[in-house]
Structures are given as C-alpha cells and as structure tokens.
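Subject: Structure handover

Hello,

Please find the structure below, with notes on what was found in it after that.

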2 protein chains.
Amino acid sequence: MPKVTEEHRIARRAQIVAAARSCVLEQGFHKTTMADVIAASELSAGAVYGYFKSKEEIVAAIAEEALSAVDELFEKVLVTDGPVHPAMVLERVLNHIAEIADRPGGDVTRIGVQAWAEALRNPVVMEIAGGKYRMLRTRFTEVARRAQSDGTIDAGVDPEHVAQVLFGFVPGFILQRLIIGDVSPETYTAGLRAILR
Amino acid sequence: MPKVTEEHRIARRAQIVAAARSCVLEQGFHKTTMADVIAASELSAGAVYGYFKSKEEIVAAIAEEALSAVDELFEKVLVTDGPVHPAMVLERVLNHIAEIADRPGGDVTRIGVQAWAEALRNPVVMEIAGGKYRMLRTRFTEVARRAQSDGTIDAGVDPEHVAQVLFGFVPGFILQRLIIGDVSPETYTAGLRAILR
C-alpha cells in the first residue's frame, strides 16, 4: 500500500468536514448522523472514522476552522501599540464574518446557529461551543482593557463585563443578517459608532 | 354535548402550547412532530388539530406569547415624556428576559434559540421569526429616535442602524447566558453603561 502523505490526510480531513457542513446546512446538527456524513463525503465508513470518531469531533473541527480565523484577526489588531477602539475592532470582525459567510461551500454563520441549538441539547457540543466562545471572549476582554487604558472606556468597570457586551454584538449581527436580512457590516458599524463612547 | 366555553378553549390552547414547548426543549423544533405534541398534550389528535393545523402555527403561538410581553414593556417605556436612555431600556428588557427564562414550564430563551435554527431550514418559521423580529426592532427604532431627540445619540445617524445594534444586544445576551453561563442583567448592563454614550 502506498504511504499516505500528510498532504493527503489534510485533504481527506477537509473533504469530511465539508461533507459534514453540507449535511448540517441541509438538516441541522441534530438530524445529521455519521452515516449521513459518510454518504456525503463519498469515502468509506472506515476512512471517515479514521479521522473523526463521532459527530461531536466533526463539530469541534468545524468550530475550530471558523473561529481560528477570527482569533488571528484579534492577534493582528492587538499587536499594535496605538489605541484600540472597540468600534474599529468590531468593524473588522463583522467584515470578516460577512466575507466568510459568502464563501463557497456554505455559509458558516448558518452552521453557527445550528451549533447553538445543538449545544442546548448535547452536552458535548455545549462543552465545545462554551470553550470556544469563552476563549474568543477573552480577546474582547483584552480589547476592553486596551480601551480602558486608552481612556475610551471607563476604567472603573470590570473589563469582563465590557467584553460580554462587545462579544454580544457578534451573534446579534449574525442573527439579524440571517433572519431579518437587512444588516451589513456598514449599517451595523454606523449604528455602533453612534452609540459607543 | 356541553357547549365549550371561551375559558375552556383558552386553557386547552395553553395546554397544547405548553406540550409543544416541552417537546421542542427536549428534541428541538426540527425533530418535533405534530404526533409528539399530541402525545405530550394528552389530548386527542382531533382536539389538537382543532386549535393548530400545523407545527408552524404552534411555533407562531409560542413566539406570540414570548414576544408580546416584551412589546408591552416597550409600550410602558415609550409612554413617558421624559428622556429615554437606550441603556435603561435594554436593562429593563434584559431583566424581563432573565425573569421569564426562570419561570416554570421551561426556559423560553432556549425555545428561541431552537426557533433560530429551525428558521434557517423552514421558510414558514423564517417568515414568522423575521416578522416578529422586524416588529420588535421597530420598537428599538423608536428608542433610537427618542434618544436622538434627547441628544443622547448623534441625530445624524439613521435610527434604523442604531436599532440594529440595540436589538442585537438581546440575542447576544441570551446566547452567552445559555452557552457561557456567566452573564446576568447586572453584569451586562454594567458593560453596556461603560460603552454607551
């Protein structure tokens, strides 16, 4: 048998994750089974299980893929020595979200909403989503601290509480974009700049 | 046969809606069937169909019940002649949400998250959710206009854009409360007051 290269493994893994995304977009997490993912991936059951032992492991991979890019974005923003304004950070995050949502292969924000619903019924998914969101929110805590030291936000307030609100803008944007349909990074940022200090 | 009183009809209807809520909390909207609701309601199929022709009609009833109370809250807030501060309005809305979430019969915010996921797959639910959210958001547009005439928010910004952001705080709060678990109306309002003008 030929030796499977690392490149080959990465491509196979991506193929399975893409198959899982299309299943979830079509029927939600709860109804999606490993058998559905295997059928959609056009690989053998053995091949798929070689990468992912369960649906939950695939959920974790999808979340990892979607959120690692957001995390990189924070790294870029926070590396600067200049002032870090929350509105500017949120503008970048929302632009990034709108951009990845339009990529071929399915709107990842729709997968996110399915994951929220699944988390409420599936403790493993809850653990994955909770962990990822907690990590992402610590980035907003850093933004809050920076804005406090810049004097943009009252330094007397717990930065964790500020981070809750800043993080909360994101699902608010995603949900309105999907369900009401009239928000864009431009309209949302205009609203944000009007209300933020 | 005895004549069915209006009171009796209201109680029966509430019994069906309560049964549907428990089904959705257990298995999500997508997996819930009319047969599940009928079984959980302990009424006959004919009795249930006498009130609701489809799962979607029950979804609409649950949404109506949950959101009409929020709408009344806005009416109370907006009736005043005094200044209407967005942070004050949001504080009241979040307190109300936290309060109804703790009522017996199941956390209605969990049903909300299930409805978001279902809306993305079911055009009828999308129509119901979109319509309800659009209506609720017009209340935030009124708040934005009032805050603009009070001078709390820049009058040069489209109040619809401000409303998008104000409305967006609510799903952001609900989601973190359910998935991260550490937000309360108090912490969120503290964060809000720190960042709002």
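**Helix packing in chain B**

Helix 4 of chain B and helix 7 of chain B are roughly parallel to each other, where angles under 35 degrees count as roughly parallel, over 145 as roughly antiparallel, 65 to 115 as roughly perpendicular and the rest as oblique. The contact is made, on the side of helix 4 of chain B, by residues including V59(B), A63(B), L67(B), V70(B) and F74(B). On the side of helix 7 of chain B, the residues include V125(B), I128(B), L136(B), F140(B) and V143(B). Contact here means heavy atoms within 4.5 Å. By class, this contact of helix 4 of chain B with helix 7 of chain B has 14 nonpolar, no polar and eight charged residues. In this scheme Ala, Val, Leu, Ile, Met, Phe, Trp, Tyr, Cys and Pro count as nonpolar, Asp, Glu, Lys and Arg as charged, and the others, Gly among them, as polar. Helix 4 of chain B covers residues 55-78, and its angle with helix 7 of chain B is about 5°, with the axes 10 Å apart. Axes are lines fitted to C-alpha atoms, for helices over the stretch in contact, and angles run from 0 to 180 degrees between N-to-C directions.

The model is predicted: local features need pLDDT of at least 70, side-chain atom pairs count only at pLDDT 80 or more, and totals for chains, interfaces and linings use all residues. Residues are numbered from 1 along each chain as its sequence is written, chains are lettered from A and ligands numbered from 1 in the order in which they are written, and side-chain values use heavy atoms, with hydrogens and water left out.

Helix 6 (residues 108-119) of chain B also packs on helix 7 (residues 123-150) of chain B: their axes come within 8 Å and cross at roughly 125°. The two helices are therefore oblique to each other. A115(B), W116(B), E118(B) and A119(B) of helix 6 of chain B meet V125(B), M126(B), A129(B) and Y133(B) of helix 7 of chain B. These residues divide into seven nonpolar, no polar and one charged.

**Chain A**

Chain A has nine helices and zero strands; helices (H or I, at least four residues) and strands (E, at least two) are DSSP runs, numbered from the N terminus. Its C-alpha atoms fill a box of roughly 60 × 40 × 30 Å along the principal axes. Of its 197 residues, 55% count as buried, buried being under 20% relative accessible area, exposed over 50% and partly exposed in between (1.4 Å probe, protein chains only). Among contacts in chain A with a separation of 6 or more, 65% are between residues 24 or more positions apart.

Helix 6 (residues 108-119) and helix 8 (residues 159-179) of chain A pack at about 110°, with axes 10 Å apart. That makes helix 6 of chain A roughly perpendicular to helix 8 of chain A. The residues in contact include V113(A) and W116(A) from helix 6 of chain A, and I174(A) and L178(A) from helix 8 of chain A.

**Single residues**

T32(A) is in the loop between helix 1 (6-31) and helix 2 (34-41) of chain A. T32(A) is buried, at 3% relative accessible area. Leaving aside neighbours within four places in sequence, T32(A) contacts C23(A), V24(A), Q27(A), V37(A) and K55(A).

C23(A) counts as buried at 8% relative accessibility, and C23(B) at 7%.

Regards
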